[in-house]
Amino acid sequence: MIFYEIKKTVSRTGGRIALGLLLFTLAVSCFLAVRVYYVNEEGAREYGYSAVQKLRAAQKEWAGVLDEERLQAAFQENIRIRHSPEALSEDITENNIAFSRLQGIFEIRSLINESYAEGFRSYDYYLADRLTSVNAADFYQNRVRLLREWLETDAKDQFTEAEKAWLIRRYEELDTPFFYDYVKGWRRAMEYFPTLVMLAVMILGYLVAGIFSCEYQSKAEAVFFASAYGRSRAVSAKVKAGLLTVTGIYWALAGCYSAFVLAFLGADGASCPVQADLGGWKCFYHLTMGQAYVLVLLGGYLGCLFLSGLTMLVSAKTRSSVAAVMVPFGAVFLPSFLSFIQHPLMNHILVLLPNRLLDMGTTLGHFYLYPVGGQLHGAVPLLLILYTALSLVLYPMQYVEYRRLSKK
């Protein structure tokens with residue numbers, strides 16, 4: 001029965017088109033994620049696998065513990081390159097030649113710009129070129145200092161004193177000096193996965209929207225419920241078919257995407273803390289790049305599972321696939337309109353909506369805190385617990401609701 005329900009879902013014309021669109025989206029997402037360039041000695045950009053290997057080799061030369069010696073060496077190398085005749089030239093090609101020599105330390109240079117910034121929310125690309133020296137003590141302490149200053153000025157009314165102390169403590173508890181490595185594969189995988197999963201959740205919603213409503217649309221509900229197992233195993237098969245369809249398609253997409261991107265760009269740096277990458281420098285979660293990506297995949301799955309489950313429940317209740325298919329669209333796009341309401345309470349609510357699961361990489365950077373059980377927590381663990389619980393409730397509710405309809 002389960003196989004028959006899955007076959008009905010994916011074998012119809014609309015289902016085949018949806019699967020084709022998913023494959024196209026997967027291909028585009030993979031292409032965008034691995035489109036990395038390397039600037040050669042002549043100042044020209046190179047693309048493709050060979051370019052990735054050259055960039056990887058350049059940055060791997062600087063891999064290691066980001067201590068005083070490595071920071072000073074990277075800083076001195078930056079000064080040498082940025083004050084070379086090629087970098088000071090007004091010719092773009094000459095500038096590109098200078099940049100080609102900078103690629104190995106470019107990520108460390110970006111972290112220096114973050115650490116020595118004038119403010120917590122500011123970033124100056126050229127700051128590292130104006131500094132006279134750097135040292136490991138200031139490099140890591142600046143991260144905490146800038147947070148303190150931000151909490152005492154721009155964000156003084158956004159957090160309670162307990163929340164401020166909690167954030168500062170999280171920053172201070174980060175193990176330093178941390179290990180630095182080439183992490184391009186993990187970063188790009190996290191950057192482009194949300195595009196894939198947001199389109200996937202809408203297409204999955206379309207696929208499962210008709211599981212409960214198809215008998216009503218074809219006027220075959222009387223025959224369906226009059227059959228021997230129409231009110232028991234057949235209904236259970238529909239619930240399981242929806243669950244297996246979402247699970248199978250999601251993990252097939254996520255697995256193919258992850259395998260291709262990480263194989264092409266490299267999976268180096270999985271054990272590096274997210275703070276060793278520019279995008280995660282301000283993050284207060286203590287995670288490695290590999291752990292953060294697992295959270296991205298898990299968040300995407302929970303988002304798809306919950307929204308698809310809600311779609312199926314609406315389908316069972318309304319007997320309409322049209323009404324049901326609007327659920328994932330509303331969940332993805334409605335928060336964008338609500339975000340224009342500038343209010344602290346609204347911001348805290350928006351971060352806990354299911355669409356945040358689909359972009360867990362961005363959610364890791366949010367500074368919204370929630371008191372639960374006498375302790376403060378970030379949004380990420382609450383999202384995972386909340387929507388795991390809701391998903392476990394949604395699927396049995398589908399069974400109960402559809403059986404209830406069969407008695408009318």
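1. Strand β6 (residues 375-378) of this predicted model has side chains that alternate between two faces. Leu-376 and Gly-378 point to one face and are buried.

2. The pairing of β6 is with strand β5 (residues 369-372), in the antiparallel sense and over four bridges. One of the residues named above, Gln-375, is the bridge partner of Val-372. Two residues lie between the strands of this hairpin, and Gly-373 takes a positive phi near 60° there.

3. The largest pocket holds about 830 Å³ of space. Its lining comprises 35 residues, and those nearest the centre are Arg-187, Asp-277, Leu-278, Gly-279 and Gly-280.

4. Several helices contribute to that lining: α3 (49-60), α7 (106-115), α11 (184-209), α15 (289-318) and α18 (360-363) each supply at least two residues. The largest share, six residues, is from α11. Sorted by class, the lining of the largest pocket contains 16 nonpolar, 11 charged and eight polar residues.

5. For the second largest pocket the volume is about 290 Å³. It is lined by 14 residues, with Gln-158, Phe-159, Asn-347, His-348 and Tyr-368 closest to its centre.

6. Helix α17 (residues 344-350) gives the largest share of the lining of the second largest pocket, at three residues. By class, this lining divides into seven polar, five nonpolar and two charged residues.

Methods:
Residues are numbered from 1 along each chain as its sequence is written. This is a predicted model: local features need pLDDT of at least 70, side-chain atom pairs count only at pLDDT 80 or more; totals for chains, interfaces and linings use all residues. Side-chain values use heavy atoms; hydrogens and water are left out. On a 1 Å grid over the protein atoms alone, a cavity is a set of points where a 1.4 Å probe fits but cannot get out, and a pocket is an open set with protein on both sides within 12 Å along at least five of seven lines; lining residues have an atom within 4 Å of a point. Grid points are joined across faces, edges and corners, and a volume is the space filled by probe spheres set on the points. Ala, Val, Leu, Ile, Met, Phe, Trp, Tyr, Cys and Pro count as nonpolar, Asp, Glu, Lys and Arg as charged, and the others, Gly among them, as polar. Buried means under 20% relative accessible area, exposed over 50%, partly exposed in between (1.4 Å probe, protein chains only). Two strands pair if DSSP finds at least two bridges between them.
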